[in-house]
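Have the sequence and the 3D view open as you read.

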Amino acid sequence: MDADVIIIGAGLAGLVATNELVRAGKRVIIVEQENAANLGGQAFWSFGGIFLVDSPMQRRLGVKDSLDLAWQDWQGSAGWDRLDGAHPEDEWAQKWGRAYVEFAAGEKRSWLQQQGVRFTPVVGWAERGSLSAGGHGNSVPRFHVPWGTGTGISEPFADRARETDAVDLRFRHRVDELVFTDGAVTGVRGAVLAPDDSPRGVSSSREVVGEFELSAQAVVISSGGIGGDHERVRRWWPERLGTPPRTMVTGVPAHVDGRMLDIAADQGVRLVNRDRMWHYTEGLQNWNPVWPGHGIRILPGPSSMWLDARGRRLPLPGLPGYDTLGTLKILRSTPDLVEYDYSWFVLDQTIIKKEFALSGSEQNPDITDRDLALLLRTRLGRAAPGPVEDFKREGADFVVADTLAELVRGMNALTGDDLLDEDSIRRQLEARDREVVNPYSKDAQTIGIQNSRRFRGDRLFRTVPAHAILDPRHGPLIAVRLWIVTRKTLGGIQTDLDGRALNGSGMPVPGLYAAGEAAGFGGGGAHGYNALEGTFLGGCLFTGRTAGRALAGVV
Ligand SMILES: Cc1cc2nc3c(=O)[nH]c(=O)nc-3n(C[C@H](O)[C@H](O)[C@H](O)COP(=O)(O)OP(=O)(O)OC[C@H]3O[C@@H](n4cnc5c(N)ncnc54)[C@H](O)[C@@H]3O)c2cc1C
């Protein structure tokens with residue numbers, strides 16, 4: 001045996017499983033197709049948002065949260081409906097969902113603290129949902145931001161893997177096959193890729209320079225999702241979300257290629273819920289790309305007006321920051337929009353200053369570099385955060401103008417589609433703007449803005465007072481063209497509550513475990529159809545920890 005356990009993929013889930021195994025005195029080989037610069041995978045690039053329930057940070061901001069409320073929200077979002085028959089796709093997904101919410105309401109924060117993770121006092125209100133108590137969405141703010149953003153989550157685990165002799169890191173080793181002996185997984189086989197010293201995130205060469213085979217008592221698949229491969233995303237795109245876009249931007253590095261999932265499926269491992277995915281509708285083309293087609297997601301506050309490609313305000317629940325897949329469905333299934341792959345935010349300088357955050361560790365240098373003074377200057381200052389201003393100035397999707405006529409001309413010129421009519425957009429903006437003069441309103445978005453400002457965190461950091469967008473004192477006017485940005489894979493390898501991978505008969509494949517995005521964040525779909533945000537890193541932590549602990553008991 002070359003090791004006790006082989007881990008496929010050096011992302012967060014693989015690193016957390018490794019951490020548990022090493023603590024239990026086991027020897028681990030991590031096999032990773034990228035180079036050493038990429039240790040930590042997607043988590044390093046992430047914003048780092050973490051879903052916690054009833055935390056001291058929430059309480060300090062006056063938020064009353066509970067396990068019951070979070071579970072109500074989670075179930076409303078998940079909508080698990082594949083529970084019938086002999087081995088239903090949602091059987092383990094639902095159990096993992098419940099276990100995860102209990103973890104988030106219980107041990108998660110203290111355990112993360114023990115691992116060296118530290119949180120800022122910021123709690124965001126992500127994914128407010130579909131506007132009903134029992135439906136999708138977070139009833140309260142739960143999105144906790146750690147110091148270091150994503151690096152603050154991934155690096156403590158990466159450091160431990162780098163530092164110990166118990167871990168053998170095999171970079172530029174790509175697994176092409178699981179090795180079975182008498183029906184049990186006993187190793188992996190694959191290709192040694194040519195050395196490549198590209199910086200983190202840059203897509204690397206796939207030139208093969210050799211072969212390898214490694215053996216162990218067990219193997220963990222923690223190879224991530226499919227978001228880097230648009231063809232795979234289109235292949236699994238569900239009919240319920242309409243037509244897949246022809247053009248998307250890519251919210252994950254190229255190594256999130258989904259290849260290992262198909263290899264596992266071809267070798268008899270059961271994959272479920274492959275049609276469930278989590279792609280955002282507020283994607284920008286990165287003016288300074290790291291990976292091919294690099295897209296950045298705007299984490300929007302509630303005030304921008306959202307227009308479709310034809311210049312019509314989106315129907316509910318198409319409000320910024322509310323319902324990711326509800327909005328995606330509107331954009332991809334409205335018949336006269338299907339041929340257009342973009343929509344628009346229309347806003348003003350006052351809104352962009354406070355309400356635009358960009359997802360990604362590199363887009364938030366204040367928090368990533370743990371610089372409190374810069375954080376306060378950036379989030380409470382008079383200008384928009386530096387990275388947002390950079391996008392406004394350099395980004396291919398921004399139009400800035402002093403008058404609406406000029407703005408609409410710029411929007412039409414940007415797309416070349418000439419679909420936008422100034423009078424129609426003016427009428428809609430004026431109708432919206434007339435609603436903001438009272439502290440109450442019949443306009444759902446205006447009600448949402450006022451609601452948001454009742455939460456101290458949003459009032460301080462994320463939501464401007466309701467005001468007329470056409471009021472020149474808030475100018476200039478800004479339009480942002482938004483693309484679909486690929487990101488998370490919600491389905492995956494079906495696993496039981498120990499993280500053991502199952503086969504088509506619902507039985508564990510001996511010697512095989514799965515964790516992280518590859519396992520649908522637990523059970524092949526712990527989120528169900530929708531996510532509450534901040535739950536992906538958490539899902540990797542929880543599934544990696546569970547698989548690592550279970551394995552430590554058996555190898
Ligand atoms: C910009 C960005 C922002 C995000 N923000 C948040 C957030 O705020 N909150 C949140 O909860 N989540 C967020 N996420 C999502 C979260 O980061 C990911 O879901 C999570 O990190 C996935 O971790 P993983 O270990 O499952 O997979 P990955 O990080 O994808 O790691 C898998 C690794 O496996 C390797 N691999 C794949 N196939 C093979 C093979 N055949 N052989 C060898 N190696 C292989 C890959 O190269 C990769 O290094 C964000 C993601 C991004 C990109």
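Strand β3 and strand β5 (residues 143-146) pair in the antiparallel sense over 2 bridges. Two strands count as paired if DSSP finds at least two bridges between them, and the labels themselves are DSSP runs numbered from the N terminus: helices are H or I with at least four residues, strands are E with at least two. If you want a spot to look at, I50 sits opposite H144 in β5.

Zoom out a bit and there are 3 strands in an open sheet, ordered β3-β5-β4, with antiparallel pairing. β3 (50-51) and β4 are the edge strands with a single partner strand each, so one side of each has no neighbour in the sheet.

## What you're looking at

This is a predicted model, so local features need pLDDT of at least 70 and side-chain atom pairs count only at pLDDT 80 or more, while totals for chains, interfaces and linings use all residues. Residues are numbered from 1 along each chain as its sequence is written.

UniProt, in an unreviewed entry, lists residues 4-537 as "domain: FAD-dependent oxidoreductase 2 FAD-binding". Its positions are given here in the numbering used for this model, feature names are shortened, and annotations may be inferred rather than shown by experiment.

## Around the ligand

How many residues surround the ligand? There are 43, and the closest are G9, G11, G41, G224 and G516.

By class, the shell has 16 nonpolar, 21 polar and 6 charged residues. Here Ala, Val, Leu, Ile, Met, Phe, Trp, Tyr, Cys and Pro are nonpolar, Asp, Glu, Lys and Arg are charged, and the others, Gly among them, are polar.

The contact takes 29 residues from domain 1 and 21 residues from domain 2, where contact means C-beta atoms, placed from the backbone, within 7 Å.

On the domain 1 side, α2, β4 (119-124) and α7 (149-163) each supply at least two residues. β4 gives the most, with 4 residues. That side of domain 1 is made up of 13 nonpolar, 14 polar and 2 charged residues.

One joins L316 and P317, with omega about 5°; P317 is in the loop between β14 (305-307) and α10 (324-333). Another runs from G475 to P476, with omega near 0°, and P476 is in the loop between α18 (456-461) and β18 (477-489).

D54, a non-glycine residue, has a positive phi near 60° and lies in the loop between β3 and α3 (56-60). D54 counts as partly exposed because it has 19 C-beta neighbours inside 10 Å; 20 or more would be buried and 12 or fewer exposed, with C-beta atoms placed from the backbone. R370, also not a glycine, has a positive phi near 55° and is in the loop between α12 (365-368) and α13 (372-380). With 16 C-beta neighbours inside 10 Å, R370 counts as partly exposed.

Note on methods: A residue is near a molecule or strand if its C-beta atom, placed from the backbone, lies within 6 Å of it. Two residues are in contact if their C-beta atoms, placed from the backbone, lie within 7 Å.
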